[in-house]
Amino acid sequence: MKYIYTNYIHTLLTLPLETCGYIIQGHGDEMIPIVDGVPGHDNRALCTYNPPYKSILWHTHTNNMQSYPSTEDIIKTLKPRNDTNAVLNSLIFTKWGIWEFNAENKGIVNENIKHVLNSAYSGLYHVTEKGRGKLNSITIQFLQGYIEELKYILSGYNFNIYFTQWENLRNNNIYYLRN
């Protein structure tokens, strides 16, 4: 089973800007996150990937950002790409834990889907103190609802999404990839 050591990710979460990159095969089943992006795109705290896209992308949502995927993050995995390195899997490291998601069926994302995604995102944004609140049993219930809503909205894309809290990692620093 493929895995990532997450030791240095916690340091990246304390930075003021997102960090991003891709994941490469290491020794055996170990996967290695490589930093390969430009932070601070368009005067926002975003990180922009250096082209071409790789099959597994990752980025951080720093401790001062929302702790779940944005609509933009989700859409990136849905879009078809003209190159052989389409985004197959995406990981986001946040103060709450790790998000992993993918879409097996790529396709055009119409405005209606974007609107519904934004509505789901907006609801979660408000009940989680702009995504910056503490992770507790109530927040986890809302996150589970958000995950189920995304799966339903994006069922035509065969969309999968998983959330793993930091405390649930093996030895507190080993994350096993789901896909």
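The buried residues of helix H2 pack against strands S6, S7, S8 and S9 and against helices H3 and H4. The structure is a predicted model. Helix H2 is mostly covered, with 6 of its 8 residues buried. This briefing takes the helices, the sheet and the aromatic residues in turn.

**Helices**

- The buried residues of H2 are Thr71, Asp73, Ile74, Ile75, Thr77 and Leu78.
- Among the elements they pack against are strand S7 (89-93) and helix H3 (111-127).
- Helix H4 lies across S8 and S9, and runs at about 165 degrees to S9.

**The sheet**

- Strands of a sheet pair through backbone hydrogen bonds, either parallel or antiparallel.
- In this model, 8 strands form an open sheet of mixed pairing, in the order S9-S8-S7-S6-S2-S3-S1-S10.
- Its edge strands, S9 and S10 (174-176), each pair on one side only.
- From one strand to the next, the twist averages 25 degrees.
- S7 and S8 run antiparallel and are joined by 4 bridges; the bridge partner of serine 90 in S8 is phenylalanine 101.
- H2 packs on this sheet, where it touches S6, S7, S8 and S9, and its direction makes about 40 degrees with that of S8.

**Aromatic pairs**

- A pair of aromatic rings is described by the distance of the centres and the angle of the planes.
- A search of the whole structure finds 10 aromatic pairs.
- One of these is formed by tyrosine 68 and tyrosine 146, which are edge-to-face, at 5.9 Å centre to centre and with 65 degrees between the planes.
- Tyrosine 68 lies in the loop between S6 (56-60) and H2 (71-78), and tyrosine 146 in H4 (residues 137-153), so this pair ties together parts that are 78 residues apart in sequence.
- Tyrosine 68 counts as buried because its relative accessibility is 0%, and tyrosine 146 is buried as well, with a relative accessible area of 3%.
- Tryptophan 99 and phenylalanine 163 form a tilted pair, at 4.6 Å centre to centre and with 40 degrees between the planes.
- Tryptophan 99 belongs to strand S8 (residues 97-103) and phenylalanine 163 to strand S9 (residues 159-165), so the pair ties together parts that are 64 residues apart in sequence.
- Tryptophan 99 is buried at 0% relative accessibility; phenylalanine 163, with a relative accessible area of 17%, also counts as buried, because the cut-off is under 20%.

**Cluster and charge**

- Ring pairs link Tyr68, Trp96, Tyr121, Tyr125 and Tyr146 into a cluster.
- Lysine 54 lies over the face of tyrosine 22, at 4.9 Å from the ring centre.

Notes: Residues are numbered from 1 along each chain as its sequence is written. This is a predicted model: local features need pLDDT of at least 70, side-chain atom pairs count only at pLDDT 80 or more; totals for chains, interfaces and linings use all residues. Side-chain values use heavy atoms; hydrogens and water are left out. Rings of Phe, Tyr and Trp (its six-membered ring) pair if their centres lie within 6.5 Å; planes under 30 degrees apart count as stacked, over 60 as edge-to-face and the rest as tilted. Helices (H or I, at least four residues) and strands (E, at least two) are DSSP runs, numbered from the N terminus. Buried means under 20% relative accessible area, exposed over 50%, partly exposed in between (1.4 Å probe, protein chains only). A charge sits over a ring if NZ of Lys or CZ of Arg is within 6 Å of the ring centre and within 35 degrees of the ring normal. Contact means heavy atoms within 4.5 Å. Two strands pair if DSSP finds at least two bridges between them. Axes are lines fitted to C-alpha atoms, for helices over the stretch in contact, and angles run from 0 to 180 degrees between N-to-C directions.
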